[in-house]
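Please look over the model below before reading my points.

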Amino acid sequence: MSALEIRDVRKNYGSVETLKGIDIALENGEFLVLLGSSGCGKSTLLNIIAGLAEATTGDVKIGGRSVLGVHPKNRDIAMVFQSYALYPNLTVSRNIGFGLEMRKVPAAERDKAVRETAKLLQIENLLDRKPGQLSGGQRQRVAIGRALVRKPQVFLFDEPLSNLDAKLRLEMRTELKRLHEMLRTTVVYVTHDQIEAMTLATRIAVMHDGRIEQLGTPEEIYNHPATLYVAGFVGAPAMNMLEAAVEDGKLAIAGTDARVTLPQRYASAVRNGASVVVGIRPEALRLGPGSDADMSLPVEIDVVELTGPEQVTTARVGTQRLTATLPPQARAAKGQSCAFVFDADALRLFDPATGKAF
Amino acid sequence: MSGTWMTTRAWLLMLPLLVVMVAVIGWPLADTVRLSFTDAQLVGTAGNYVGFDNYTKMLTSSNFTRTLVTTTWFAVISVAAEMVIGVLAALLLNQEFRGRAVLRGLMILPWALPTVVNATLWRLIYNPEYGALNAALTQLHLIDDYRSWLGEPGTALAALIVADCWKNFPLVALIALAALQAVPRDITAAALVDGAGPFNRFRFVILPYLAGPLMVALVLRTIEAFKVFDIIWVMTRGGPANSTRSLSILVYQEAFSFQRAGSGASLALIVTLLVTVLAVAYAALVRKTAGSAT
């Protein structure tokens, strides 16, 4: 039995279709990240799971039970919000215990649960304070505590780290990962931050324009993007996309004379003369010359940006652009003509008409 | 530029305003204080110094005590009712429904009407011969005969309070409605997921955001209600049998109807002092509420 099952969920606001048929099934203990840019429908989907919005059509099942028309409080879920959403005039202790208080859990039992949760989140010393006296990170811990204490079947997180500064976000991310590995509960987590998605998720659903572009493990999403959108969205710097055409077993890169051999695994998938988009990750590129086994492209280096651990190098290949993340010791200089080399395995081919991977 | 020149310049720039303020506020106030220690009449004698006689006479008169009680009743009951009705109206108008914008606009109407119009309107409603209230109540068989709502000491104050509420609840509703817009959607959603019902959502989620603005409305309304003059003057002139006489009306009667400028002035200053005490106490309360609501 799935912990959470979403079947053909659609949502219309007037004539605007924000969700266009979403299907997801989650096993117990999975950490699903809904990843996408703003307006893709990820928060709407989360609200539908929570019961804060109604699906126009489709079904949502939590623990095998359909929750259509079920009040949020009876769905056996807990939610953590981006703005923390703490009750400003209640102490931390009452904030965490609020859900239990509303469910008329006896005070002694409630108090014990609140203390255990606070200990888990290392906020025992804050229990008597009001939210106004806490820092952003502490507030977020309280918000997480309020969800944890109820021990629900599914946790819902709505961009919980977006309001934190960069350093704290990193800390809380690790903390969330630790908590999930310890508690093994089912989580649905909404974010537009691909690093959060990659690090936290057991599976990622990349959403775009009301649809799921790809649902897979972080490894699948990163290494085998199903569409051009996923390829471009996940990864920073983004995957390079070169327009090319298939010519007699070679890929002719548009705007140059450069040719690279069509990898064997694509030989049957693409026909001769077809237009393709060649995708290659910046970290798959190295500064040439490489060995004979490598493929290479002649480039002229345009911009070199040292970020610390690497140099982000932008180069021109004919009229198109390529970005490579090179090690800092690589001797790349502006204006230099050289070659970027890579393994045949690193190439991904997409159909420019449908945007789908070959 | 030296500090003293900056200070001098600041004072110079403020001087015109200070002159005007002294002329229109300071001087009349000072003259009222002077008058209050004399037995001056409105017309004729300039009056002789009588010390605190006017004050002791006014404070110990049964008229003053009775009027203070009437005014307090009026202020407490009408303000309390306005707060409750105002908040309820705001909660209703914060729901999503068709025609909400129109209703929000309509609601402001009673408050936007001049008090005299409002008071005249309610006088018509309460009219003992052809008033709408009598007609409605007899048709509903709640009363047998038409009554003179404003003519009976037992009902006149209540009738006035209803009219005042009708006029002033929109102000409270407007302030509360504005405050409701500031309640974060996330917190309401969190309370829903936490299982809080409508009452607990109001108490724990909405009220903390309403408290500060409502306190301001409470201060404004209480002070105004304590000073009430116009609505009563138009509807009952303080009658019948002085049952609706407010402090402001008493001041008016003393100073202008009986032409006793001296004792009228002392009474006016006593009322001013009472209202100031209220204002200061409330200001402290507002600061406290604002401080705890973050």
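1. Start with Leu42(B). Beyond its neighbours within four places in sequence, Leu42(B) is in contact with Ala255(B), Phe256(B), Gln259(B) and Ala261(B). Contact means that the C-beta atoms of two residues, placed from the backbone, lie within 7 Å.

2. This is a predicted model: local features need pLDDT of at least 70, side-chain atom pairs count only at pLDDT 80 or more, and totals for chains, interfaces and linings use all residues. Residues are numbered from 1 along each chain as its sequence is written, while chains are lettered from A and ligands numbered from 1 in the order in which they are written.

3. Where does Leu42(B) sit? Its place is the loop between helix H1 (3-36) and helix H2 (53-60) of chain B. Helices are DSSP runs (H or I, at least four residues), as are strands (E, at least two), numbered from the N terminus.

4. Why does Leu42(B) count as partly exposed? Because it has 14 C-beta neighbours inside 10 Å. The cut-offs, with C-beta atoms placed from the backbone: 20 or more others within 10 Å is buried, 12 or fewer is exposed, and in between is partly exposed.

5. Leu42(B) and Phe258(B) are 216 residues apart along the chain. Their C-alpha atoms are separated by 8.6 Å.

6. Now the two chains. In chain B, 16 residues are in contact with 19 residues of chain A. H8(B) gives the largest share of that side of chain B, 7 residues.

7. Chain A has 8 helices and 20 strands. Of its 358 residues, 42% are buried.
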